[in-house]
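My notebook is open and I have a few things to look up.

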Amino acid sequence: MTAILIVLIILFPWLGAVLIWLMKNAQEKLTHTLAMGFSVLSAVLSLVLLTRIGQEQITVLSLGPGLGELSFSADGLGIVLTSIANSIGCLAVIFSKDYMNGEKDLQRYYSMILFFIGAMSGLVLTSNAMLIFFFWEITALCSYQLISFYNDDPKAVRGGLKALFITQFGGIGLLLGSLLILSQTGSLNIQQFIAAAQAGKISSSVLAVAGFGLIAAAAAKSSQFPFFTWLPDAMEAPTPVSALIHAATMVNAGVYLLCRFAPAFQSVPGWNTTVLWVGIITILLSSFMAIYANDLKRVLAYSTVSQLGFLFAAVGAGSVTASQFHLLSHAIFKALLFLCAGAVIHSVGTRDMRLMGNLYKKMKPVGFCFIIGACSLAGIPILNGFWSKELILESIHSGTSLPVYILMLFAVILTAIYTLRCVWMVFFGKEKSKLHVHETGRYMKYTLYILAAGTVLSWLSFGGFSSAFSKSLPLHEIEAESLGEFLTTIVKDPLTYLAILMVIVGFVLWFFHKPAPSKAILPKVLETSAVNSFGFEIINQKIVDKIQNLSEFSRGLQSGILNWNIFGVLTGLVLILIILGIGG
Amino acid sequence: MQNNLLLWLLFTPMISSVLVYVVGRFFAPHDDEKPNKTVWLCVAGIIATFIPFILASINILNGKTVSTTIGDVTLVFDGISMLVSLTVLLLGLAVILFSIDYMAAEHSEEKFYGLLMILITSIIGLSTSTDLFNIYIWFELMAVSTYSLVAFYRNRATSLEAGIKYLTQSAAGSIFIILSIAMIFGTTGKISMHEIPALIASSKRIMIAAGACFITGYGIKCAFVPMHFWLPDAHSQAPSGVSAMLSGIVIETGLVALLRSLSALKPAAASFGMIFLIIGALNMLIGNLGALRQSEVKRMFAFSSISHMGYIALGIGFVLTFPESTASANGVFFHVFNHAMMKGLAFLAAGAIVFNLKQAKGDHSPLLVTELDGVSQKYPWFALLLSVAVLALGGLPPLSGFISKWQIFAGGALSKNPWALVLIVFAGINSVLSLGYYAPLVNRMYRHQPSQTVLSGVPKYSKTMLLSLVLLGIFVVLLGLVPMLVSNFTGSASATLLNMFQ
Amino acid sequence: MSYIIVVCILGLLGIGFYCLLITRNLLKLVVALQVLVKGAMLAVLFAGCLVDNMEVAQSMALTIIVADTIVAVIGLAMAIQVRQITNTSNIRSISTLRK
């Protein structure tokens, strides 16, 4: 039963993708309806799957030499993420009904989204390392295709390609890791590998290479330091795509990978610390960039990067539950924020926050939902972001040193500052230009309401969440905690109030310097470097230039002169003779 | 009966080659625009060849042997021949279907089909031969038929230029092969690959020289760096169908010939594997760098063939160097098959676009990358299939290129050798690099604003062209999702390879 | 005796490759290939002498003659075609395919 459900949950959206691709341009309405139908049904399937969390391992068939088996595991880690992907995917598709209304090439848009949803489910459900890589690359492919959906816009194309290259480059780490798993255990099964690693059957150097390879892959996918430059540029994608892929699901794949493999690498010296510091550095850098950004979607992108940094830090501090719980909250409230931003952008026709202002009066429902999301992001009680962030702070406090905790508190201040700035610039303050505001569509509003409700209520699921994790992930050694216990710990902990205080400090700091938020407290250098992505854009550009120069050099070798070609042949003969002579 | 099977496998395409040429000569249409009807004889010939092929394959898969002896020459149909024949027959069928309309306006198309059938015969023959000289004969027959095919547009200077460069370098390669055969024959007195290994343990140095000559000679055909310079010219100037054949199967057949010949020398040198590893790395890098800033579509694919030969050579290197890397052997043959389908599809889809945009209007200039802008608006199927082909070539799942690359890497990783891992990472980086030229093509094709060339393209579809593309496209997609479909063939081929070098 | 033959073989190969490396004339290219093949064929016959198996060597040599004649014919045909179209026999002057 579970096996059928899992296979269905991957293949059903793919079937939808194929069907939708075959639609004609004129059948716009049918295309919308089909996409909605398929995504709603797969969301329902994924919710059914939630009831089947357990330790079950499903092996369908062998794929061939070196490819392992088509196998899945029905544990909490995977199924929770599947449900997030399918549910938010479904909401994003419904939102698109209004948002993408009248756009060209809808077939390609919906096909890619459904293809992505299926692949994402596969990525988190499979227990074969090769298949993780397989689905990993499919999600990269879809993400790239959707970012550059508006292919005529060179910025969109560049953004898509950048996302593809950086995630693929990091993906080599996953390739290496998976291949090491294969070479060391003779199978690609992840459970077997973790068990072997915990039993000390794998040499420590190999384990270290695999572990750091996976960190590289995860950092690239989750847009962490030093690979964080692609996510802001990915904001050229249609906004529902940003909400689904670049906030709620695909970028979490990196965190998922670390959580999945974390028990195997506990014995690798420096593995946890590296994950922790990658997270912390990312949080700080991206928070500053968010403070100075003026593009609404870019602010949200930077904030996504920094929240993913929180998830990394939690994994580094050793708490998979905290990381995954914040992942759930973040997926919901960030999807909400993105979709609200989408509604705003759709209505006013620009993404520049400097042109917005005082929009709350004109679009109350959207504004209200956005503020709920923003409060959750900043960590205001009793929204879901508050509880999960407290959980992370607590795990960092108990799992690492005091300076790290202080840095995290500082990050909380920064989060509050950029969140408030964003809300203020868009919905309050002075009206800066005469923007004509369109009516927000019906489907848009409904999805926003659902997500807002989720933001307010999702933390109530903690009890079930925690018990599912502890029950289904024996290798992770997670202790179950009921909702009541969890709430009591948080409420009784004085550090919680310290964190809330920090949020207030952030708000106050921003209010006092409202006209020029940072100039008074922060040095000018910080602003220039934050606007320039702390030099990482330049590094990216330099690498691209180097490769292109190399390519031109290599093309110069293709002289097109026959005599030189013959010379090449003779050189080849001599070289082969030399190598064979030495080797033999 | 089994003897006859192998003979029929060779005779059927041979006879149809003669038939197509002679009949086509008599029934050439007066209207230049219409395709010569005799091409259907050619299609029938290929389909007829499938019958002995399938019967022979069933025998092989049931563990029987299929062989025949004519005079001194023994031909054996084994796992490798089975895979190569399957590949060449499928690709040949697609190419011929594609060429019906593509070549319709050309002068004397019957020559084209006749030569194509000879090419197919020679490839099947080569894969079954068991002695060094016999391989050389089939190899030379294959080369000769491709010379004329590359320079088929005999009134164009560029196509003649490519033909002459190809001919000169390939003929120079043949010299090395003959020399190598002479060295081996002069030392052992034998040319049969089964008898030689027992006789050569004593004379190592000359055998190393012979091995180097084999690698150089056949390596020219396989486009091993630095013997690859002819390939971008020849593959980009040939008619699209021929480019597909050349990139899809001819260069891989060169590799099969090389492996068979080297297997005769296996006691002499342990470092053949090392050569393949080095060549593999070089090929990937040079091919990708050459394609990265290429402005002509077909030339870009030609360079990409060089880099794909790199992956294949890398896999062979793993198999020959590390005894644990048996999965690489599977991967190599899977990649040979996949590459035939992917590159065939890429060249044919590009050819279909060239045909509709230019050829049909008598314009013979090469298709530029910039001219692909917005192709999907007018030719959605061609754009889709070309996208599938290039993404598969770039190694993106769920397409077939991913699986075979993974298998090659997996074999290398199983050796537990750190250098193998370094090479795999290098290959991975190259795969990412290759997306640097594949992915922008897809972006261009899906623009909304078509280029001027696209706007002025011919509005009609050719059904046979589309059929041939879909035939290849199905394999590219399906083998990525269900790699087990051809595992009988690749498994049998890899068992043969491992047996040869045991 | 055998030294002379080896020197002959190497001489023919050397001349052939030297010619391929420097000539720009299409006809000379074909001639160079012919010289090379003759060298290689001599090597085959010499090998036959060494192992005292001239029958096989001769049959191989005959086959090589056939193959290389075909190559020469195609090469010459292309050379003539180039001459007719571009009015030159210089390979450099028709070398447009590069990079």
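**Entry 1: Gln57(A).** The model is a predicted one, so I'm reading computed values here. I found Gln57(A) in strand S1 of chain A, which covers residues 57-64. Which residues does Gln57(A) touch, once I leave aside its neighbours within four places in sequence? I noted Phe72(A), Ser73(A), Ser127(A) and Gln191(A). I also checked Gly385(A), which is 328 residues away from Gln57(A) along the chain; their C-alpha atoms are separated by 33 Å.

**Entry 2: domains of chain A.** I looked up the domain assignment for chain A and got domain 1 at 2-531 and domain 2 at 539-583. The C-alpha centres of these two domains of chain A lie 44 Å apart.

**Entry 3: salt bridges.** A reminder to myself: side chains of opposite charge can pair when their charged atoms come close. How many salt bridges does the structure hold over all chains? I have 20 written down. I went through some of them.

- Asp233(A) pairs with Arg298(A), and their closest N and O atoms are 3.3 Å apart. This one links distant parts of the chain: Asp233(A) is in helix H9 (residues 230-233) of chain A, Arg298(A) is in helix H13 (residues 296-316) of chain A, and the two are 65 residues apart. Asp233(A) is buried, at 18% relative accessible area, while Arg298(A) counts as partly exposed at 22%.
- Glu552(A) forms a salt bridge with Arg293(B), with 2.7 Å between the closest N and O atoms. Glu552(A) sits in helix H23 (residues 536-557) of chain A and Arg293(B) in the loop between helix H11 (272-292) and helix H12 (297-321) of chain B, so this pair joins two chains. I get partly exposed for Glu552(A), at 26% relative accessibility, and partly exposed for Arg293(B), at 34%.
- In chain B, Lys165(B) and Glu161(B) meet in a salt bridge of 2.7 Å, N to O. They are about one helical turn apart, because four residues separate them in helix H6 (residues 157-188) of chain B. Both Lys165(B) and Glu161(B) are buried.
- I also found a network of salt bridges that links Lys155(A), Glu236(A), Asp295(A) and Arg351(A).

**Entry 4: where chain C meets chain B.** I counted the contacts here: 38 residues of chain C touch 40 residues of chain B. The two chains bury about 3,100 Å² between them, and 83% of that is on carbon and sulfur atoms. Met60(C), Met78(C) and Leu97(C) supply 22% of the area that chain C buries against chain B, more than any other three residues.

Next I asked which parts of chain C face chain B. Helix H1 (2-22), helix H2 (26-51) and helix H3 (54-86) of chain C each supply at least two residues to that side. H3(C) gives the largest share, 15 residues. By class, I wrote down 28 nonpolar, eight polar and two charged residues for the side of chain C that touches chain B.

Methods. Residues are numbered from 1 along each chain as its sequence is written. Chains are lettered from A and ligands numbered from 1 in the order in which they are written. This is a predicted model: local features need pLDDT of at least 70, side-chain atom pairs count only at pLDDT 80 or more; totals for chains, interfaces and linings use all residues. Side-chain values use heavy atoms; hydrogens and water are left out. Contact means heavy atoms within 4.5 Å. Buried area is the accessible area (1.4 Å probe) that two parts lose on being put together, summed over both. Ala, Val, Leu, Ile, Met, Phe, Trp, Tyr, Cys and Pro count as nonpolar, Asp, Glu, Lys and Arg as charged, and the others, Gly among them, as polar. Domain bounds come from an automatic or database domain assignment. A salt bridge is a side-chain nitrogen of Lys or Arg within 4 Å of a carboxyl oxygen of Asp or Glu. Buried means under 20% relative accessible area, exposed over 50%, partly exposed in between (1.4 Å probe, protein chains only).
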